[in-house]
Amino acid sequence: MTQDELKQAVARAAIEYVPSGEIIGVGTGSTANFFIDELGKIKDRITGAVASSEATAERLRSHGIQVLDLNDVESMSVYIDGADEITNAGAMIKGGGAALTREKIVASVARQFICIADGSKLVDMLGKFPLPIEVIPMAQAAVARKLKTLGGEPRLRLKDGKPLLTDNGCMIIDLVGLQIADPKAFEAEINNIVGVVTVGLFAQRGADVALLGTAEGVKKLTF
């Protein structure tokens, strides 16, 4: 099976976790896009969705799914999103699509986080995938200097030769060459750096369930 076929398989499997008559949170990225396409087939079963990015909101609307502002939503039963890496403990690196802050905010409101990914994203230790960190633009250089003392190499993410800007108008520093033995502690340490909006470590609030696409079918992990 191709990687896209594995992503489609977990997207279909995730539909079983969509409650009827409720609002759900939806993530950002290629796997989340497959899920949105599947969600469009059952859109009449849900009240609406909260999007973790402008791109996700646009894709949801293209399927006729009502997109709600998180400020108007008190709670959600489920948030469904992909991951760039996930461990057997449910800790994740997210933010390859530059939506980490909004993803973390929407996930914090949901009672359950369902991670959907192809099986290659399951790792023993986080860090091979560059760790995204969203920063206030004026603090980019200062934050990069502090990050360098933590190990790894900070690299400003670019798009078309210019710093990529998130939906929040901030920049992304990718910290490469890491081996993150204690994701919860590392998440707290980076979040405490002045100028950091948030880090793409989802360990203090990790996944509750992971649906992983493999050649043998969808593998379910519960944390």
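The chat below takes up the pockets, then the cavity, then the sheet.

Tutor: A caution on sources: this is a predicted model, where local features need pLDDT of at least 70, side-chain atom pairs count only at pLDDT 80 or more, and totals for chains, interfaces and linings use all residues. Residues are numbered from 1 along each chain as its sequence is written, and side-chain values use heavy atoms, with hydrogens and water left out.

Student: How much space lies in the largest pocket?
Tutor: About 270 Å³. On a 1 Å grid over the protein atoms alone, a pocket is an open set of points with protein on both sides within 12 Å along at least five of seven lines, and a cavity is a set where a 1.4 Å probe fits but cannot get out. Points are joined across faces, edges and corners, and the volume is the space filled by probe spheres set on them.

Student: Which residues lie nearest its centre?
Tutor: A51, L68, D69, L70 and R102, out of 15 lining residues; a lining residue has an atom within 4 Å of a point.

Student: Which elements supply at least two residues of that lining?
Tutor: β2 (48-51), α3 (54-62) and α4 (100-109) each do. Helices (H or I, at least four residues) and strands (E, at least two) are DSSP runs, numbered from the N terminus.

Student: And the second largest pocket, what lies closest to its centre?
Tutor: That pocket holds about 210 Å³. T28, G29, S30, A83 and D84 are the closest of its 19 lining residues, and α2 (30-39) and β6 (110-118) are the elements giving two or more. By class, the lining has four nonpolar, eight polar and seven charged residues. Ala, Val, Leu, Ile, Met, Phe, Trp, Tyr, Cys and Pro count as nonpolar, Asp, Glu, Lys and Arg as charged, and the others, Gly among them, as polar.

Student: How many cavities of 30 Å³ or more are there?
Tutor: One. Its lining includes E134, T166, D167 and N168, while α4 gives the largest share, three residues.

Student: Now the sheet: what is the strand order?
Tutor: The order is β4-β5-β13, in an open, antiparallel sheet; strands pair if DSSP finds at least two bridges between them. β4 (85-86) and β13 (201-202) are at the edges with a single partner strand each, so one side of each has no neighbour in the sheet.

Student: Which residue in β5 partners E85?
Tutor: I93 is its bridge partner; two bridges join β4 to β5 (residues 92-93).
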